[in-house]
Amino acid sequence: MKKEKCPMCKQSSSAKFEPFCSEKCANKDLGNWLTGKYYIPGEKVNDEMINENPEIIDIIKKDKLDF
Ligand SMILES: [Zn+2]
């Protein structure tokens, strides 16, 4: 079995948060996604995304992002 590394910080990933090492890195990735790194042009965060990923709300509040 190959050892995955966290794509955010390159440390060994944790089984709980894979492929990330920690919740912090997983959230950071989601935050990047929301703020545009993985943003699909023309699409916005919508209710469906929020229903599927309720933690988006917390991240948006924390980072003071607006839709
Ligand atoms: Zn990490």
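**Reasoning from definitions**

In this predicted model, the elements of the protein run α-α-α from the N terminus on.

Q: How many helices and strands does the protein have?
A: The protein has three helices and zero strands.

Q: Why is Glu4 called partly exposed?
A: Glu4 has 14 C-beta neighbours inside 10 Å. A residue is buried at 20 or more such neighbours and exposed at 12 or fewer, with partly exposed in between. The value of 14 lies in between, and therefore Glu4 counts as partly exposed.

Q: Where is Glu4 placed relative to helix H1 (23–35)?
A: Glu4 lies in the segment before helix H1 (23–35).

Q: Which residues are in contact with Glu4, leaving aside its neighbours within four places in sequence?
A: They are Ser13, Glu18 and Pro19. Contact requires C-beta atoms within 7 Å. As for Ser14, its C-alpha atom is separated from that of Glu4 by 8.6 Å, and the two residues are 10 residues apart along the chain.

Q: What makes up the largest nonpolar core?
A: This core consists of five residues: Cys6, Phe20, Cys21, Cys25 and Ala26. Members of such a core must be buried and joined through C-beta atoms within 7 Å. Not counting residues up to four places away in sequence, Cys6 touches Phe20, Cys21 and Cys25, among others. The contacts of Cys6 also include Gln11, Ser13 and Pro19.

Q: What percentage of the 67 residues of the protein count as buried?
A: Of the 67 residues, 9% count as buried; the cut-off for this term is 20 or more other C-beta atoms within 10 Å.

Conventions. Residues are numbered from 1 along each chain as its sequence is written. This is a predicted model: local features need pLDDT of at least 70, side-chain atom pairs count only at pLDDT 80 or more; totals for chains, interfaces and linings use all residues. Helices (H or I, at least four residues) and strands (E, at least two) are DSSP runs, numbered from the N terminus. Two residues are in contact if their C-beta atoms, placed from the backbone, lie within 7 Å.
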